[in-house]
Amino acid sequence: MAGELQIDFTALKDAGARKGRGAGGSAGASTWVVLAGADLAMGAETRRILGGAVDLIKRAATTAKFKGQSGQSLDLLAPTGLPCERLIVMGTARKAEEAGPVDALNLGGAIQGKIDGQPRVTILFEMPDVAADADKAAADLMLGLRLRAYKFDIYKTKKKDDAKTAPKSQISIALADPAGAKREAKHREALAGGVTLARTLVNEPPNVLFPASFAQRAKDLQKLGVEVQVLDEKALAKLGFRMLLGVGQGSDHDSKVVIMRWNGAKSAKTKPIAFVGKGVCFDSGGISIKPAASMEDMKGDMAGAACVVGLMHALAARKAKVNVIGAIGLVENMPDGKAQRPGDIVTSLSGQTVELINTDAEGRLVLGDVLWYVQDKYKPQFMVNLATLTGAILVALGTEHAGLFSNNDELSARLTEAGAVTGEKVWRMPLGAAYDKLLDSKFADMKHTGGRYAGSITAAQFLQRFVNGVPWAHLDIAGTGMASPSSDINQSWGSGWGVRLLDRLISDHYEG
Ligand code: BES
Ligand code: MN
Ligand code: ZN
């Protein structure tokens, strides 16, 4: 795919030794990137390598009002006395309240934004005023480069021709201890693969990615050692997934449930942790059909399932020492003569009966059966589900935070902390008996929507009726998983949100 980078780690001292090679030479134009903090503070080795060019930078900085602030950069072409054709100075100074471990990741993204398409780049990675672990910072920088470089352009036939002729970018990250950085980078390469896989699944159009083809992409994880089981409609009917099957019954595409299993813990008997994703490959609303405006966005209504597949990829690729179940419910919600109706009463896998109110509230019906199945069959330590569940969470939290709903304070705290560290932030919302009561039905054990108010909370209350008391968290990612705003590390419509968050949750608390 376009945007591929070849990245290696080299010794900073050798970057200086390359002086003289390449200037106007046969290897093609090269770009150097250096870092400068407040008042143009640069690392000692960087200053040594730049030599007389430091003055050049100072003069240019004065004219360009470059002060080394994060977000600022300085671009010098054909810099005198250096063996490169272009020198980019990236500002790294941040206001105190912004500082944190996300820095190197976002810096990597910002650098890739500047060097995109350049054939040969050397980044002199010496952080002038950040005391973070240098190995991890360099690996984060690499991850930032990769995430920013991701492009979903396989359906752009004209651009594709250009991309074919463009050479792969060769990027060297030059730093004091390349061996240490390389060790850390293995984890980040796995993460990059997981995040970009999730993004691609979200970006794919719904005529390409439907339940069967999605299931096939999940099956590809077998190459990494993940066990993958696909339950088809016959199997699901036999098991009793009637609530999930009802959602897909108006579609020509058969519904599927995919169970992925990664056994990385020392003992196969260690209780797994479980991740469950909403995989509505297209959500037309069904009989309660949506208005036409932006309906095309509903191809992304499987971002929760995409995250679970991306996470399983990352965990398997880095051989995480943990037992994990990933379960996704794959359906298409369509209007049709066979589609289910408002007023229908369905019996869920749990045995509870549900009166349907609005067929556009389909995600909770899919998840309810999968959550019940997972807790019953795998007895997990806890379950986390992800779903583009409600438009109401966009009203409440916008695109900055995902909504977090949970029956467990420890799991909530850990998710919140992992969110702060990775920048994939979550905000806890309330649950409670008064909200739960809004789901009482005249005719069945419950109805499936709760009325106009607190729409994200009543959706979560519905899910909670299917977790059977197991520690559980629900992430409503309708605002974060799709139609994402561009950032330093993401220019894609589908952000792959949640893969880094959950990988971090696992590596911080559940491995070893
Ligand atoms: N997939 C939608 C939620 C959604 C909205 C995701 C916007 C991403 C962006 C979900 O299935 C849905 O339609 N929810 C309804 C629930 C309502 C009918 C109770 C909603 O939010 O309006
Ligand atoms: Mn819907
Ligand atoms: Zn939906």
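Start at the boundary between the two domains: 15 residues of domain 1 touch 19 residues of domain 2. Contact here means heavy atoms within 4.5 Å. Keep in mind that this is a predicted model.

About 1400 Å² is buried between domain 1 and domain 2. Carbon and sulfur atoms give 66% of that area. Now show side chains for Leu147, Arg148 and Tyr150 in domain 1. These three lose the most area to domain 2. Together they make up 45% of what the domain 1 side buries.

**Check the polar links.** How many salt bridges run between domain 1 and domain 2? The count is zero. Polar contacts are another matter. Five residue pairs are in polar contact between the domains, with both residues at pLDDT 80 or more.

**Select the helices.** Pick helix H4 (103-115), then helix H5 (134-149). Each supplies at least two residues of the domain 1 side that touches domain 2. Which element gives the largest share of that side? H5 does, with five residues.

**Colour by class.** Finish on the side of domain 1 that touches domain 2. Ten of its residues are nonpolar, three are polar and two are charged.

Conventions:
Residues numbered from 1 in each chain as written. Chains lettered and ligands numbered in written order. Predicted model: local features only at pLDDT ≥ 70, side-chain atom pairs only at ≥ 80, totals over all residues. Heavy atoms only, no water. Buried area = accessible area lost by both parts, 1.4 Å probe. Salt bridge = Lys/Arg side-chain N within 4 Å of Asp/Glu carboxyl O. Polar contact = N/O pair within 3.5 Å; in protein donor to acceptor, adjacent residues only side chain to side chain. Helix = DSSP H or I, 4+ residues; strand = E, 2+ residues; numbered from the N terminus. Nonpolar A, V, L, I, M, F, W, Y, C, P; charged D, E, K, R; others polar.
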